[in-house]
Amino acid sequence: MNSVRVPHRLCCLRAVVKKEFRQIGRDARTLIFLVVMPGFLLLMFGFALNFDVKHVPLAVCDEDGSAAAREFIGNFTHTEYFDLKYELSDPREVDRLLGEEKVRVALVVPLGFATDLAAGRDPAVQVLVDGANASSASTAVGYISAIVQNDAVRMTTRLLHDRGLKGFVLPLASDVRVWYNPELRSAIFLVPGLMAFILMVILVVSTAFSVVREKERGTMEQIMVSPLKPGELIVGKTVPYIFISLVSSHLVLLLGRVLFGVAIKGNYLLLLLTMTLFLIGGLGQGLLISTVTRTQQVAFQLAILSTFLPTFILSGFVFPVRNMPPVVQALTYLVPAKYFLVALRSIIIKGAGLRAFWDQVLCLAAFAAIMLGISTLRMKRGKR
Amino acid sequence: MTGNSIEVRDLTRVFGKFTAVDHVTFDVRRGEIFGFLGANGAGKSTTIRMLCGLLGPTSGTATVGGFDIGREPDRVKERIGYMSQKFSLYEDLTVDENISFFGGVYGLSRDRVREKMPWVLEMAGLWGRERSLTRELSVGWKQRLALGCAILHEPEIVFLDEPTGGVDPVSRRNFWELINRLSGGGVTVFVTTHYLDEAEYCNDIRLIYAGRLVAGGSPREMKRTYIRNPILEVECDRVVDAMEMLQKEDWVLETSIFGAYLHVSVGDEAEGKAKVRRLLEANGIAVRRMDRIVPSLEDVFIQRIEQESGDGDSRGTK
């Protein structure tokens with residue numbers, strides 16, 4: 001008579017992990033999707049999503065032609081914010097250039113600029129800005145006002161100085177210092193957000209297929225009649241993806257460093273801990289989708305739907321959460337990328353310790369536990 | 001311990017308004033080949049899925065290997081092997097990878113899997129093809145491999161759900177040799193099929209029709225119990241016309257077409273033969289041969305199902 005062997009739980013789990021690794025390894029598309037796609041997306045989005053306004057095409061019409069006018073214009077052309085594209089003699093041409101989008105800013109220095117200045121009269125300079133893109137236009141206006149202000153102050157002090165008021169200083173001067181991102185590069189702010197966004201989409205999509213594919217192919221039935229426990233199947237399916245997504249996360253970090261100069265200021269181990277929890281949560285969400293759906297097609301749609309827009313809009317990646325209406329703010333608590341993003345920015349940009357974001361880490365851990373827990377329960381119920 | 005591997009009592013499964021399995025009761029003795037027969041949709045798969053713990057029963061009970069399927073599903077799972085009509089192997093894994101995966105899932109240690117590997121390869125006839133991807137194997141091979149994977153852990157009971165569907169006759173024959181070997185080794189084999197020739201290999205058979213058991217016993221018992229009247233095999237012209245003519249006569253109990261021949265069930269052999277010949281020849285149909293035959297299981301099933309559906313109709317009109 002056959003003796004019944006009590007199954008070794010570890011053998012069960014190991015078999016699932018091994019099988020998943022083999023299947024992923026044999027499926028070049030999944031592997032490329034998991035490992036290469038995040039880096040590629042970072043590259044694409046990283047360069048496209050740039051809120052810095054630099055190298056704005058500029059047209060100049062210098063009707064005065066004096067040394068003072070040239071000096072004033074030089075304040076614009078000697079920065080990296082503006083690129084001098086056209087030097088015009090007729091101010092009417094400005095209209096055409098702006099209309100055809102050849103330039104976005106035009107500067108007209110009227111005849112008599114130098115003489116007015118020397119006489120202490122108020123010379124008017126015309127600045128025309130293309131306001132079609134409100135955001136970059138307002139940034140450009142900001143630069144322009146700053147440059148004009150600066151020059152006005154410089155000219156005033158020189159004038160006063162020439163008139164004998166030596167030692168004159170402005171009564172009030174601000175000394176603004178920007179911390180963490182002194183050059184105010186948007187990349188420093190955006191790259192961590194992009195990492196969270198890209199990883200979330202990739203993670204959920206990759207595991208969303210894993211259970212439903214077995215249902216479609218009929219292998220799930222074979223597993224269901226075995227003594228393998230639902231929890232073992234879920235954990236066994238998660239483990240290989242954790243390793244692989246850790247590799248792709250590091251690739252993204254490396255690219256962020258090399259291409260966008262985003263270095264990790266904080267503790268690497270803390271980053272690893274936060275990242276791993278986030279990865280497990282994302283993979284868990286994918287698995288949950290996989291356990292509730294019947295076809296791979298529906299699973300894919302659900303995966304994209306539940307990650308793409310929520311992560312883009314509600315995570316604080318682009319739009320700050322605190323500016324949202326309360327109802328929408330409440331919704332953001334369902335988006336794990338939000339917690340990850342706060343922690344990630346703290347670690348990468350500020351170099352902060354766990355004290356600054358322990359609550360976020362806790363939320364990530366809870367999210368991961370809930371996702372895997374519900375997936376396991378769903379697997380159990382699925383039998384009936 | 002009783003001599004029964006499986007005991008089923010009033011097992012019922014309802015899907016919405018449809019009763020797929022209706023108060024089914026039977027026993028399967030240890031070490032026998034038990035055939036569960038019926039048309040597609042008769043309730044074969046639903047029953048097997050309940051016994052394997054894939055589906056919960058609506059009512060009724062069953063024990064498999066001495067354990068209740070509802071209360072101790074894990075004990076049941078350790079004792080059974082299952083192979084379904086769909087080949088539940090991983091097509092993107094190689095032969096040996098499939099074997100070690102299913103070995104692992106059943107809790108076999110790596111050493112144990114290594115020990116069993118040659119045995120499965122030998123059984124499936126896949127020596128030298130360990131490293132082939134499963135999707136490259138022919139259907140017959142896949143099936144033998146699937147069976148190998150299902151019995152790696154040496155289960156007491158093996159459930160085979162239409163294991164020979166879509167396979168050529170030679171592979172079917174080979175597969176049944178494997179089943180015989182298993183049974184010879186003391187394993188209980190529970191097999192569903194709709195190939196009636198396969199039913200002849202079984203020690204015990206149940207016929208399920210519209211969710212209810214309508215016949216049971218060994219093949220010989222079934223032929224004796226359900227067919228008391230002689231069956232004549234008639235070789236003649238215009239078989240369909242001949243059948244229609246015979247069906248109108250009240251002394252003809254059953255008629256059915258078997259290939260090019262006609263099977264006619266009559267009350268008495270000699271009298272029947274004379275009457276059939278007279279009727280057909282009177283209508284210009286030449287009778288070339290007429291013999292009394294040993295009924296096949298097919299005769300039994302057709303008769304039982306016709307009676308059952310007849311009963312069903314009369315019930316429906318009341």
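Modeller: In chain B, strand 1 (residues 4-15) and strand 2 form an antiparallel pair over eight bridges. This is a predicted model, in which local features need pLDDT of at least 70, side-chain atom pairs count only at pLDDT 80 or more, and totals for chains, interfaces and linings use all residues. Residues are numbered from 1 along each chain as its sequence is written, and chains are lettered from A and ligands numbered from 1 in the order in which they are written.

Colleague: What makes strand 1 and strand 2 of chain B a pair?

Modeller: Two strands (DSSP runs of E, at least two residues) pair if DSSP finds at least two bridges between them. Strand 1 and strand 2 of chain B have eight bridges, so they pair by this definition. B:Glu7 has B:Asp27 in strand 2 as its bridge partner.

Colleague: Why do strand 2 and strand 5 of chain B stand at the edges?

Modeller: The open sheet has the order 2-1-4-5 in chain B. Strand 2 (18-29) and strand 5 (67-68) of chain B each have a single partner strand, so one side of each is left without a neighbour in the sheet.

Colleague: Why is the span of helix 5 of chain B called close to the expected one?

Modeller: The expected span is 1.5 Å times one less than the number of residues. Helix 5 (residues 139-150) of chain B has 12 residues and reaches 16 Å from its first C-alpha to its last, close to the 16 Å expected.

Colleague: What makes helix 5 of chain B mostly covered?

Modeller: A residue is buried if 20 or more other C-beta atoms, placed from the backbone, lie within 10 Å of its own. Nine of the 12 residues of helix 5 of chain B are buried, including B:Leu145 and B:Cys149.

Conventions:
Helices (H or I, at least four residues) and strands (E, at least two) are DSSP runs, numbered from the N terminus.
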